Amino acid sequence: MATTGRPRAMSGTIPSMESSAHDALKDNTVIVVLGASGDLAKKKTYPALFGLYRMGFLPRDVHIVGYARTKMDDAEYHKRITSYIKIADDDADGKAKLEEFKKFSFYISGGYEDGPSFENLNKFLVDNIESKYQSKERNRLFYLALPPSVFIPVAQHLKEQCYSKDGKNRIIVEKPFGKDLESCRQLLGSLKQHWTEDETFRIDHYLGKEMVKNILVLRFANVALSSGWDKNSISNVQITFKEPFGTEGRGGYFDEFGIIRDILQNHLLQVLSILTMERPVSFSAEDIRDEKVKVLRAIPPIERSDTLLGQYVAANGKPGYLDDDTVPHNSVCPTFAATTLWIHNPRWEGVPFILKAGKALNEAKVEVRIQFKDVTQGIFKDISRNELVIRIQPSEAVYLKLNTKTPGLNTRAIPTEMDLTYKRRFTEIKIPEAYEALILDALRGDHSNFVRDDELDVAWKIFTPILHWIDGKAGPAPKPVPYPYGSRGPKELDSFISKYGFKRTVAEYTWPIMNVSAL
């Protein structure tokens, strides 16, 4: 029997995605978490670091050093950083690993804007950790779990006082990257004075989510999908983010940024760019990011007429946005936004891309819904459209809605689906958290799932005019329409979506199980 000459285990590999080994931080590595006493660090960063350690993905003999203004001893620090790490009562191995994790996790307090504090941090790294290394190499990964107000002074002091001359240095920066095009450019320019693009890893954690990373493979490894991935087959695309809770006392922070800066301009636009980019030359970081930038440059600034803004009001026993004591009493900050983007290139000309995000809605969900055009008329009447749905969270899934004959003696077309629900198909796999995937990428030196500077610039160009309108910088600020807490969003949403050609599937269709007798 003829063989391909290729080992079976190699089937389906993506050589250009395998980052070069010489870029990975393997030994003599310190991870410094700045802002170690904050919410982001304890809820996301440290649980991700522990997850990587438990799976054996952290560098050999790694050390983790927390740094923040808060003064606390090791016991308090260890209690804080492990408070969101979940280990079952009967998991002896997990408990043992957690104790090991604490032993190489240290804490030092200091300011964010003065040189002597960072000199003290550097002295701690050298005297307590790096002086014990067997070789001269000293690698440092700095994770900035910090508010943007201190990004620049911290980045500057890290470069001036804590930069290793004998190894690799990397800095991970969290969003927000500015509030509009001008502030983003100022932030990027200031960071570039101290850190090169190659050393900088700008996190958008949606790029670390399993189903977002899967879009590239779904698109470019399947002829069955890629052949219909254009304006000739697709009617409209919706990318949706829904949260079932409001600001919950964090309204002061939210009111400064709003739902568009919080979700649409970064998370949903990143998903859009991966959905719509052309096939890259390879899956290496720069080839992917080149194509993302190219498609984003084909999107003009959003029009006011392509925008629907909402703000939740009290309902179902829950308070409204303006009932939050931390929110200005007359705020017109939108907590819901739907915006339609257009891509002026040969593949996508005329296809509306509707980005929707809202707080205090009826469910928690993030998904992509690609609706195809109607089948040729003449044989069928009122037949549902095909839809490809990529459920990003929760319950990761990909399903294709298609029409099939009703089971039994009747001949009638009904909507059903080909369903790939991950927890049913991959029963033994634990899907990693986005932060685990991204920190591992940074340790490996792989920029594929991080945001490049020119990508940020063009993303802000798309959204800045509409944001300045909402902020009242281009005439009177628009007043968002009210919607009840726990609803699907503003009542105007259905008509807004339908004007872009979206057709809802027959009301009797439900996913993932359908009662045929109801049809």
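Tutor: Start with one term: buried means under 20% relative accessible area, exposed means over 50%, and partly exposed lies in between (1.4 Å probe, protein chains only). This is a predicted model: local features need pLDDT of at least 70, side-chain atom pairs count only at pLDDT 80 or more, and totals for chains, interfaces and linings use all residues. Residues are numbered from 1 along each chain as its sequence is written, and side-chain values use heavy atoms, with hydrogens and water left out.

Student: Why does Cys 184 count as buried?

Tutor: Cys 184 has 0% relative accessibility, so it counts as buried. It sits in helix α6 (residues 181–192). Helices (H or I, at least four residues) and strands (E, at least two) are DSSP runs, numbered from the N terminus.

Student: Which residues is Cys 184 in contact with, leaving aside neighbours within four places in sequence?

Tutor: Contact means heavy atoms within 4.5 Å. For Cys 184, with those neighbours set aside, the partners are Phe 177, Gly 178, Leu 456 and Trp 460. Cys 184 and Leu 456 are 272 residues apart along the chain, yet their C-alpha atoms are separated by 7.8 Å.

Student: Now helix α4. How does its span agree with its number of residues?

Tutor: The expected span is 1.5 Å times one less than the number of residues. Helix α4 (residues 115–128) has 14 residues, so it should span 20 Å; its end C-alpha atoms are 20 Å apart, which agrees.

Student: Which residues of α4 are buried?

Tutor: An α-helix has 3.6 residues a turn, so residues three or four places apart point the same way. In α4 the buried set is Gly 115, Ser 117, Phe 118, Leu 121, Phe 124 and Leu 125. They pack against strands β1 (29–34), β2 (63–68), β3 (105–109) and β4 (139–144), and against helix α5 (151–161). Leu 121 and Leu 125 are among the contacts of Val 32.

Student: How many cavities of 30 Å³ or more are there?

Tutor: Rolling a probe the size of a water molecule over the atoms shows where empty space is left. On a 1 Å grid over the protein atoms alone, a cavity is a set of points where a 1.4 Å probe fits but cannot get out; lining residues have an atom within 4 Å of a point. Points are joined across faces, edges and corners, and a volume is the space filled by probe spheres set on them. Here four cavities of 30 Å³ or more are counted.

Student: Which residues line the largest cavity?

Tutor: Phe 177, Asp 204, Gln 265, Asn 266, Leu 269, Gln 270, Val 451, Glu 455, Leu 456 and Ala 459. Helices α9 (251–276) and α13 (453–470) each supply at least two of the lining residues. α9 gives the most, with four. Phe 177 and Leu 456 also touch Cys 184.

Student: What does the lining have by class?

Tutor: Five nonpolar, three polar and two charged residues. Ala, Val, Leu, Ile, Met, Phe, Trp, Tyr, Cys and Pro count as nonpolar; Asp, Glu, Lys and Arg as charged; the others, Gly among them, as polar.

Student: Next, the backbone. Which residues does a cis peptide bond join, with omega about 10°?

Tutor: Most residues other than glycine have a negative phi, and most peptide bonds are trans. A cis bond joins Lys 175 and Pro 176, with omega about 10°. Pro 176 is in the loop between β5 (169–174) and α6. The bond from Gln 393 to Pro 394 is also cis, with omega near -15°. Pro 394 is in the loop between β12 (387–393) and β13 (397–405).

Student: What is the phi of Asn 316?

Tutor: About 55°, a positive value, although Asn 316 is not a glycine. Asn 316 is in the loop between β8 (307–313) and β9 (336–341). It is exposed, with a relative accessible area of 65%. Asp 382 has a positive phi near 55°. Its loop runs between β11 (365–372) and β12. Asp 382 is exposed too, with a relative accessible area of 68%.

Conventions
1 Å grid on protein atoms, 1.4 Å probe; cavity = no way out; pocket = protein on both sides within 12 Å on 5 of 7 lines; lining within 4 Å.
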